[in-house]
Amino acid sequence: MDSPHDGKGWAGMPSQRWRELADRLAGRIESGEFPPGARMPTTVELMAEGESKPSVERAYRDLVERGLVVRKPRVGTVVRSRARVRVPLSRYGAVLRPGGDMGPWETAAGVDVGGTVVLLAVERLAASADIAALLGLPSGTLVVRRGRHALIDGDVVQIQEAFYPVDVAEGCGLDQPGKILGGVLGAMTAGGLAPGFADEKVTARMPTTAEAAALGMGERVPVLCVERVVRGRGGRVLEALRVVGAADRVELHYDELPLTGGVA
């Protein structure tokens with residue numbers, strides 16, 4: 001943070017210098033001179049052009065925070081991809097039938113952008129008060145949690161946590177490690193639970209340090225937070241899902257929603 005007393009920036013360095021460098025590099029990225037995945041000039045290369053080492057380091061730190069570049073061990077600083085995936089509401093209906101190979105994320109992303117889901121953990125735990133409320137269960141009830149990452153071409157763009165009543169998870173094989181072929185909704189249908197309705201709430205905020213690290217982006221890139229509750233046709237809650245995703249990588253589309261009531 002710049003000091004209000006000496007007019008200097010990070011580590012006592014004049015702020016104007018590194019800011020100008022960061023803006024110049026950002027302009028070269030935005031112009032396409034450095035496309036996604038391209039390696040940025042090294043500190044040594046920029047120093048040869050007359051920049052100081054502290055200015056280069058602070059400029060790149062700024063670009064990381066903006067979400068324009070990422071630091072990769074043994075590779076260097078590379079341009080971060082910000083290609084967006086269009087995620088339509090219709091992704092749910094496309095995976096309700098059992099027997100398919102792809103879940104909602106993979107169906108929405110498609111094979112062209114390498115949409116995949118990586119399972120991180122399956123565990124049983126006592127539901128917190130907020131998760132229990134979403135599932136319609138008493139606080140502290142044992143539930144099954146499935147933690148996973150949604151990827152595009154190998155980049156993590158969503159952090160997902162799904163919670164299930166134990167009997168629902170056991171009946172559909174969701175309490176077991178490993179990928180659910182065709183997705184959870186297809187597994188529920190195969191298990192005779194007939195998921196029929198989904199409520200989805202979307203909010204936005206800035207990421208935590210841990211979220212930014214997991215998503216491979218800077219802490220000045222906002223995240224979209226999706227909370228989805230799936231109910232069976234009888235009204236029972238079958239799943240509570242929480243998603244935190246990079247706002248510059250995903251578009252949520254709610255097309256052809258029915259409009260009810262009179263016309264003003």
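Two strands pair if DSSP finds at least two bridges between them. Strands (E, at least two residues) are DSSP runs, numbered from the N terminus. This is a predicted model: local features need pLDDT of at least 70, side-chain atom pairs count only at pLDDT 80 or more, and totals for chains, interfaces and linings use all residues. Residues are numbered from 1 along each chain as its sequence is written, and side-chain values use heavy atoms, with hydrogens and water left out.

Start with the sheet. Six strands make up an open sheet, ordered E4-E5-E6-E9-E8-E7, with antiparallel pairing. Strand E4 (115–126) and strand E7 (195–205) stand at the edges; each has a single partner strand, so one side of each lacks a neighbour in the sheet. Within the sheet, E8 and E9 pair in the antiparallel sense over nine bridges. Leu224 has Gly245 in E9 as its bridge partner.

A cavity is a set of points on a 1 Å grid over the protein atoms alone where a 1.4 Å probe fits but cannot get out; lining residues have an atom within 4 Å of a point. A search of the whole structure finds one cavity of 30 Å³ or more. The largest cavity has a volume of about 40 Å³, the space filled by probe spheres set on the points.

Which elements give two or more residues to its lining? They are strand E8 (223–232), strand E9 (237–246) and strand E10 (250–253). E9 gives the most, with three residues.

How values were computed: On a 1 Å grid over the protein atoms alone, a cavity is a set of points where a 1.4 Å probe fits but cannot get out, and a pocket is an open set with protein on both sides within 12 Å along at least five of seven lines; lining residues have an atom within 4 Å of a point. Helices (H or I, at least four residues) and strands (E, at least two) are DSSP runs, numbered from the N terminus.
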